[in-house]
Amino acid sequence: MVAVSFNNVWKDYGGGAIAVKDLNMEIKDGEFVSLLGPSGCGKSTSLRMLAGLEHISSGEIVFGDKVVNDLPPKDRDIAMVFENYALYPHKTIFDNIANPLKQSKVAAAEIERRVTEAAKLLEIDQLLERRPQELSGGQKQRTAIGRAIVRQPQVFLFDEPIAHLDAKLRARMRGELKHLQFTLGVTTIYVTHDQLEALTMADRIAVMNDGVLQQFGTPQEVYDNPANSWVATFVGEPQMSLMEMQVTSLEGETALAFGSYTIEVDPKNSARLRAAGKKDLLVGVRPDKATVSLDESLGSIRGEVYSRQLLGADVLVEVEIGKSRVRAKANTSFAGTVGTPCYLNFGSEDLYFFDAKDGQVIPQ
Amino acid sequence: MTTRASSEGHPALSDQDWGFATVDQKPEIYNPQPSRMFYVYLAMPAVLLLAAITIYPFLWLIYMSFHKVGFGNASDVFVGVKNFARLFNDSKYLQGWGLLLKYSAICLSIQVVAGVSLAVILNNSRHEKILVTLFLMPMMVSPVVAGLLFYYLYNGTFGWYHWIFQSLGILDETSILGSADTALYGIILVDVWQWTPLITLITLAGLKRVPQDQLEANMVDGAGSISNFFHVSLPNIYPFLLIAVLLRFMDNFRFIDAILALTGGGPGNATRLLPVYLFDVSFKFFKLGRGGAIALTLLIVTIILGMILVKVLEDPARKKALSGDTDG
């Protein structure tokens, strides 16, 4: 159990392929941090640098107060769960889990005790004599986790450990992993491309894109106050919609011009937009904060239904307004089909404001 | 099917708890099958070709081994098992077996250790492609040419190897192939030189398929590169290695070209391995009946030894893994 930090870490594969650019991150002792981003954003590379499986091009990685840049993986006291489980096919489940203990020459009786204990915790104690190829995906994944927890390492590294499980099992494992990490209290870095996993499990989320850390904060912060329009659209499901608007004024008050509409802005956001002094904005709205109706109402914006997707409890309606498409959740009784004229409504206090030029959030 | 075991083995996840759709009846499925003769016709050309090039000569070999084969106008005389019976009193035949087994065992041991080591080195080398091409060259040389090549290298007057071995004090005055003590090792060296690359090549192909994530997982588990080789790489390349050893073993048992070029079985009978003796009996003394008997015994023993080899080499790997004792 140790704090982990990245200090100005770069990873350059050569030939112009820079995987990680100037990464700075302080992970507290015992914290569960999720590295979130699309594939190729550098999150796995960052994790592998922590594990010692990749060299660091520049900067330093610190465990506690020790710089570990040049330590081989075996001397870092870490445990890692791989995306494809990476079990040893020629060994039994017992031996797979026991491997880290055998490598560090723990006594046989102690190995027996700890493997059995870990297997019980993960409910795979009846499978110990089997081989990996006889196990289902979920059981393999538990074995891989067993191999990680059996040694009580300083840091857990998870590389998309549940990406290959079916949806039902994935939901179950999210809860179990979170519980396990809380019980063991080990500093954990968890790589995922699934924003739901990050939101539900992590104490803090590091959102990465194109090798650059976009935002590092609690799930609530990342969801409520995204640092830029990219984070805003990446986190949250269904995705936030962005509309191009211009700051204008209406009877002396700050307002937003959206196509032929002029939208009034609440006093708080009005002050915020004035202070920023930007003209072109990207304005975001989350689908559950926008309403769509077939009837016109005060302040509503007219558009056409572009698509209607049933989500189960409600429907997701995509409304085409000029060249923007805005997603809104509606009751399943919403009768519009593709091409039906409809009216969109949202409150200005629920909007997210970004600079149209660089996508950065307009400061509060 | 009305009940089904839970696929995950977790009581909480049992499908029975929630219920799911099942199908109890199977419809009559129309699945037309072509007649059995159709397959026979399809296979016929291949079977006939195979019969002409392998089965007929094999049957002829069996026929010969029970006859005194005549030449010219003389007809074949059936002699029963006499050809076989005589082999057990034939000291050259028995000695041929001894030499063959010794030769084969030494060749295989050296080739496996050297071949796998080379493969590991090549796998970690930046110049792998060039080196593999270089290492493959001996395999492309015809065995007779390889024999002649070493004939010069071993030459007592100007042979380079002869000079090296003598300078190192390994060899006394006599020449390598001229001495009964060293001649066998002389031909072993040719085989090792020529065929170690085959083991290297097959092992290298195996090493390429060792999953990177297993190696990395083992490193994270606390292993160094030596442990990584024995715990992850070796078990993964084992099936490849087994095929390579089997190929080499079977090849060794009919190896003759380079020996004929180098020693012709001499000095004395020091390198008269069974295949060489077989060649002598059949094509020098033209005792085709006895030759057939020798060839048949050689074939049967090769098959039996091959099967034993597969069993012996395959089983420890499985047992070892089953017992959990993988410390190597």
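B:Arg248 is buried in the predicted model, with a relative accessible area of 1%; buried denotes under 20% relative accessible area, exposed over 50%, and partly exposed the range in between, with a 1.4 Å probe and protein chains only. This arginine forms a salt bridge with B:Asp251, the closest N and O atoms being 2.8 Å apart, where a salt bridge requires a side-chain nitrogen of Lys or Arg within 4 Å of a carboxyl oxygen of Asp or Glu. B:Asp251 is partly exposed, at a relative accessible area of 23%. Both residues belong to helix H9 (residues 225–252) of chain B, and because they are 3 residues apart, about one helical turn separates them. Helices (H or I, at least four residues) and strands (E, at least two) are DSSP runs numbered from the N terminus.

The model is predicted: local features need pLDDT of at least 70 and side-chain atom pairs count only at pLDDT 80 or more, whereas totals for chains, interfaces and linings use all residues. Residues are numbered from 1 along each chain as its sequence is written, chains are lettered from A and ligands numbered from 1 in the order in which they are written, and side-chain values use heavy atoms, with hydrogens and water left out.

Over all chains, 27 salt bridges are found. In chain B, B:Asp280 pairs with B:Arg272, with a separation of 2.4 Å between the closest N and O atoms. B:Asp280 is buried at 3% relative accessibility, and B:Arg272 is likewise classed as buried at 15%.

A further salt bridge links B:Glu216 to A:Arg48, the closest N and O atoms being 2.7 Å apart. The pair joins two chains, because B:Glu216 lies in helix H8 (residues 212–220) of chain B and A:Arg48 in helix H1 (residues 43–51) of chain A. B:Glu216 has a relative accessible area of 8% and is buried; A:Arg48 is buried with a value of 18%.

Chain A contains 9 helices and 20 strands, and its C-alpha trace spans about 80 × 45 × 40 Å along the principal axes. Of its 364 residues, 53% count as buried. Contacts (heavy atoms within 4.5 Å) between residues at least 6 apart in the sequence of chain A join residues at least 24 apart in 67% of cases. The accessible surface of chain A, from the Shrake-Rupley method with a 1.4 Å probe, comes to about 16,000 Å², of which carbon and sulfur atoms contribute 49%.

Chain B is assigned domain 1 (2–83) and domain 2 (86–323), with bounds from an automatic or database domain assignment. The C-alpha centres of these domains of chain B lie 33 Å apart, and 10 residues of domain 1 are in contact with 11 residues of domain 2. The two domains of chain B bury about 880 Å² between them, 76% of it on carbon and sulfur atoms; buried area is the accessible area (1.4 Å probe) that two parts lose on being put together, summed over both. In domain 1 of chain B, the residues losing the most area to domain 2 are B:Leu61, B:Phe71 and B:Asn83, which together account for 50% of what that side buries. Across this interface in chain B, 0 salt bridges are found.

B:Tyr41, in helix H1 (residues 36–65) of chain B, is exposed at 55% relative accessibility. Together with B:Met37, B:Val40, B:Met44, B:Val47 and B:Leu48, B:Tyr41 makes a nonpolar surface patch of about 570 Å². Patches consist of residues with over 30% relative accessible area and no salt bridge, like charges being joined within 9 Å and nonpolar side chains (Val, Leu, Ile, Met, Phe, Trp, Tyr) within 5 Å.
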